[in-house]
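Here are my notes on this model. Please read them with the structure open.

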Amino acid sequence: MQVKWRNSLKNGWRYAALAPILLLDGCAGNPYWIFDPKGLMADTSLFYLLVDVGIMGTIVGLTALLVVWFMWRYQKGKNRGKYDPVWSHSNTIEVVVWGIPIIAVGVLSYFAVVGTFEINPYNPTVISKQRKPASDPVEVDVIATDWQWLFVYPQYHMAVANELVLPAHTPVFFRLTSTAVTTTFFIPQLVGMIDVMPGMRTKNALESSNIGEYQGIASDYAGAGTSWMTFKTNILSSADFGQWVQRVRQSPTSMTYTSFNNYADPYINVHHKVAYFSSVQDGLFDHVIDEVMNGKTWPIPPMMTENMVAYMQKQNAQHRD
């Protein structure tokens, strides 16, 4: 019942308040992904956003209407309002002035508390409450470098660079870290942004029942190659996901601690190259965190920022994957 009224409220507010934006959905390059969620976390986040906007908009709207009404009614010389020279107090005004803010704060507080737990990236109850007892979640370790994404699938002992593929109707739990600077992992239609920090581990989660391709981005500026630090997120059926896993496992390339050091060297991935690694050395994610905490760095060549075009030409000549 709660889910039903929530969906009705959410859809009503969405199409009423965001109608001009949603009209652009058919346009090529529509950037308003956040208003078209395809994942449980993103959908829930939009609901609470609309609740906040709706309540605050109602208060602001009523206040504006009352201001206009007072200006019209009590305009000097029009004699529309009753003049009472001994007036000093009104219980009605006190109730309105204090009652409406108290109710608004109470409602907002309720949704703030409930929403905090539902979309808490470390333990989202909106996913755990709907999770089936026999279902196995997918775990993904996310490592951000300058300027690429590496997605490690510990359960399958494999990794993929610059492409995230996940099964539909399945909870996905992320662990995230960075080799260099703080950036942000963000898939607007599937899950909200979370900081990815060097030498630290953060978490996030998502679940989607909508098969399709979605855009993932690094939403914080993190140096010369940030503009190209994007990745496609593909939500597949369980059968297609299984076939994709087998395809990755056929790759002749593996990822070890040593090969990761080469991979993590700064690289501007202009052409959004995707690489498959059929095997990954155990504990790579924790190893990266330990290395960074112990002072390991992957320095940026001066030429990369002084003459980016020349550096990318040199990069392409190396045919680095």
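1. Helices and strands here are DSSP runs, numbered from the N terminus; a helix needs at least four residues and a strand at least two. On that basis histidine 272 falls in the loop between α7 and β12 (275-277). Its phi is near 50°, a positive value in a residue other than glycine. Histidine 272 is partly exposed, at a relative accessible area of 36%.

2. Overall picture. This is a predicted model. The protein has 10 helices and 13 strands. Of its 321 residues, 40% are buried. Take the contacts between residues at least 6 apart in sequence: 71% of them join residues at least 24 apart.

3. The record and the model. UniProt, in an unreviewed entry, places the feature "transmembrane region" at residues 12-34, 46-72, 93-113 and 172-194. What does the chain look like over residues 93-113? In the model that span is 100% helix and 0% strand, and its end C-alpha atoms are 30 Å apart. Residues 172-194 are 0% helix and 70% strand. Their end C-alpha atoms lie 15 Å apart. The annotation may be inferred rather than shown by experiment. Please look at both spans.

4. The second largest pocket. Its volume is about 400 Å³. The lining counts 14 residues, and Leu66, Phe70, Val96, Val97 and Ile100 are those that lie nearest the centre. Helices α3 (40-73) and α4 (91-118) each supply at least two lining residues. By class, the lining holds 11 nonpolar residues, three polar ones and no charged ones.

5. Helix α8. Which residues of α8 (residues 284-293) are buried? They are Leu284, Phe285, Val288, Ile289 and Val292. These residues cover an arc of only 140° around the axis, so they sit on the same side of α8. They pack against strands β1 (138-144), β2 (149-153), β5 (172-178), β11 (254-255) and β13 (279-280), and against helix α7 (257-263). Just after α8, glycine 295 takes a positive phi of about 100°.

6. Backbone geometry to check. Most residues other than glycine have a negative phi, and most peptide bonds are trans. The peptide bond from aspartate 146 to tryptophan 147 is cis, with omega near 5°. Tryptophan 147 lies in the loop between β1 and β2. Asparagine 162 is not a glycine, yet its phi is positive, at about 65°. Asparagine 162 belongs to the loop between β3 (158-161) and β4 (163-167).

7. Is asparagine 162 buried or exposed? Buried means under 20% relative accessible area. Asparagine 162 has 5%, so it is buried. Histidine 272, at 36%, is partly exposed.

8. Serine 254. This residue is found in strand β11, one of the elements that the buried residues of α8 pack against. At 33% relative accessibility, serine 254 counts as partly exposed. Which residues does serine 254 contact, leaving aside its neighbours within four places in sequence? They are Ser259, Phe277 and Ser279. The C-alpha atoms of serine 254 and histidine 157 are separated by 9.9 Å, with the two residues 97 apart along the chain.

Technical notes:
Residues are numbered from 1 along each chain as its sequence is written. This is a predicted model: local features need pLDDT of at least 70, side-chain atom pairs count only at pLDDT 80 or more; totals for chains, interfaces and linings use all residues. Side-chain values use heavy atoms; hydrogens and water are left out. Buried means under 20% relative accessible area, exposed over 50%, partly exposed in between (1.4 Å probe, protein chains only). The arc is that of the directions from the helix axis to the C-beta atoms. Contact means heavy atoms within 4.5 Å. On a 1 Å grid over the protein atoms alone, a cavity is a set of points where a 1.4 Å probe fits but cannot get out, and a pocket is an open set with protein on both sides within 12 Å along at least five of seven lines; lining residues have an atom within 4 Å of a point. Grid points are joined across faces, edges and corners, and a volume is the space filled by probe spheres set on the points. Ala, Val, Leu, Ile, Met, Phe, Trp, Tyr, Cys and Pro count as nonpolar, Asp, Glu, Lys and Arg as charged, and the others, Gly among them, as polar.
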